[in-house]
Amino acid sequence: MSGKTYGSVNCDSNGGLHGNTTSDQHQNQQNLQKSKNKGKMRDERQPLLLEGETQEEHVMNMDNITASEKSFDSDSDPVLNRNLESPTSNLDTMIHLLKGNIGTGILAMPDAFRNAGLAVGFFGTLLMGAICTHCMHMLVNCSHELARRIQKPSLNFAEVVEAAFETGPESLQKYSKLVKTLINIFLCITQLGFCCVYFVFVAANLHDVVKHYFIDVNVVWYLAMLLLPMIFLNWVKKLKYLTPASLFATILTTSGLIVTFFYMLQGLPDTSSVNAFSSWGQLPLYFGTAIYAFEGIGVVLPLENNMKTPQDFGGWNGVLNTGMVIVACLYTAVGFFGYLKYGDAAKLGSVTLLLPPNEILAQSVRLMMAVAIFLSYCLQFYVPLNIVWPLVKKHLHTERAIYYGEYLTRTSLVIVTFALAAAIPNLGAVISLVGAFSSSALALIFPPLIEIITFWPNRLGKNNWMLWKDIAIMIFGICGFVVGSYVSVLNILYPEE
């Protein structure tokens, strides 16, 4: 029997899950003990000892039955047998995951540390990263559990919460459609908000570089010049074909961050020159910026659903943990050294604005980050498109209409983000509100709620430890949601001088 992989378990000849022809009595006794512990389901349907069949033969026959069942379960598992046109490899997924999380948020981390203080920001960012990563794991695990329940190969965020409510407690089943719609609204607000700030970030950096060396042109013209390239880039339909762009963006981002560190690490003052703790009033602003920075919750399931080997996404050394450890360390380092170097000047928002304007190397960082963010737009765009396009597609009835309708939908959504970016003058402040409002709900409130409903009432761990853990995360998320949104609104109405 050839080896098969089921999750992280190898079902091969070394695993004892197939027939054994040895006549050794000791081995047979071990097999007999194993057969008694196969589980309740097997015990209920275990056949009686046939006439003329010895106990040893019975054990071997039962082991062969178990091997067949295991093989059937693996082959019929919808999660492990997805029919994908262009599946992504582990490396492709890692690249997309890094680009989905490392965006404009990392450049605002010195400002986040300014609102928290050096010590609170350091430990708080690592803690926030651990919590957000754990919530991503919860979302993926619940997606797999629910996909197997309803026999679908993959589920998106909204389908996960819908399936959780539909298969959960009877009193909650009637709310499944409502909660699905709510998730889609939050996802669209969050991801389109990210797309808007990406638009403005690229235009503003190009504007500053050209203004310094050539002429001063209104930033709206840069937005207009970016519109057509952005539309063409987002006509690419397959994530796999975006891998080269994501890889190039990752190289640019890495190069830009290396140069940024080069400037930040020169002439660092003593840690006593900045606040270890800022103030209670500013902590909600730190929360909003930090949760906005960990912006990858919306792209986790699309990436995992498109993997060739989805079982490699989780685990201690899986794609998700590896990527998020890199992300959390980068966020913490940029925030720590950026705030230590520039202090209260970090309130400008992006650390690239604090670099020496008269040095070509510093200006090159702006260009590198602008191009990297431009290429990262399509990954954030992928999520709202997958929500909006099915709603449009159901009204189209010919292949020709569907073909052109998808391109028109993609173009229209890009134009919407362009219009919002051009119309809202203080987009950064508005996006911080969107981050506190939508990102905290998606990243910290819904995943633990989904886990509670999915495994209710008998699979929440010993003494219901998963239940109490999830409630604690939800309380943390709700506090950040309410207080962070309130303080962000005040910051928009009464901006800091």
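This is a predicted model: local features need pLDDT of at least 70, side-chain atom pairs count only at pLDDT 80 or more; totals for chains, interfaces and linings use all residues.

Student: Leaving aside its neighbours within four places in sequence, which residues is Lys 469 in contact with?

Tutor: Lys 469 is in contact with His 134, Met 138 and Glu 451. Lys 469 itself is found in helix 18, which covers residues 465-493.

Student: What makes the pairing of the side chains of Lys 469 and Glu 451 a polar contact?

Tutor: The two side chains come to 2.8 Å. The cut-off for such a pair of N or O atoms is 3.5 Å, so the pairing of Lys 469 with Glu 451 qualifies as a polar contact.

Student: Why is Lys 469 called buried?

Tutor: Its relative accessibility is 18%. Buried means under 20%, so Lys 469 counts as buried.

Student: Why is helix 8 described as largely enclosed by the rest of the structure?

Tutor: Helix 8 spans residues 157-166, and eight of its ten residues are buried, so the description applies. Among the buried residues are Phe 157, Val 160, Glu 162 and Phe 165. At the start of this helix, a side-chain oxygen of Asn 156 reaches to within 3.2 Å of the backbone nitrogen of Ala 158.

Student: How do you know that the span of helix 10 is close to what is expected?

Tutor: Helix 10, residues 219-233, has 15 residues and reaches 21 Å from its first C-alpha to its last. The expected span at 1.5 Å a residue is 21 Å, and the helix is close to that value.

Student: Where does helix 10 bend?

Tutor: The bend is at Leu 227 and amounts to about 30°; Pro 229 follows within four residues. Leu 227 is also one of the buried residues of this helix, which include Tyr 222 and Met 230. What covers the buried residues of helix 10 includes helix 9, helix 15 and helix 16.

Student: How many disulfides does the structure hold?

Tutor: It holds zero disulfides. Cys 378 illustrates this: the nearest cysteine sulfur, that of Cys 195, is 9.2 Å away. A disulfide requires two cysteine sulfur atoms within 2.5 Å, so Cys 378 is in no disulfide.

Student: Why is Cys 378 called buried, and why is Cys 329 called partly exposed?

Tutor: Cys 378 has 5% relative accessibility, and buried means under 20%, so Cys 378 counts as buried. Cys 329 has a relative accessible area of 47%. Exposed means over 50%, with partly exposed in between, so Cys 329 is partly exposed.

How values were computed: Residues are numbered from 1 along each chain as its sequence is written. Side-chain values use heavy atoms; hydrogens and water are left out. Helices (H or I, at least four residues) and strands (E, at least two) are DSSP runs, numbered from the N terminus. Buried means under 20% relative accessible area, exposed over 50%, partly exposed in between (1.4 Å probe, protein chains only). A polar contact is a pair of N or O atoms within 3.5 Å; within protein, one must be able to donate a hydrogen and the other to accept it, and residues adjacent in sequence count only if both atoms are side-chain atoms. Contact means heavy atoms within 4.5 Å. The expected span of a helix is 1.5 Å times one less than its number of residues. The bend at a residue is the angle between axes fitted to the seven residues ending there and the seven starting there.
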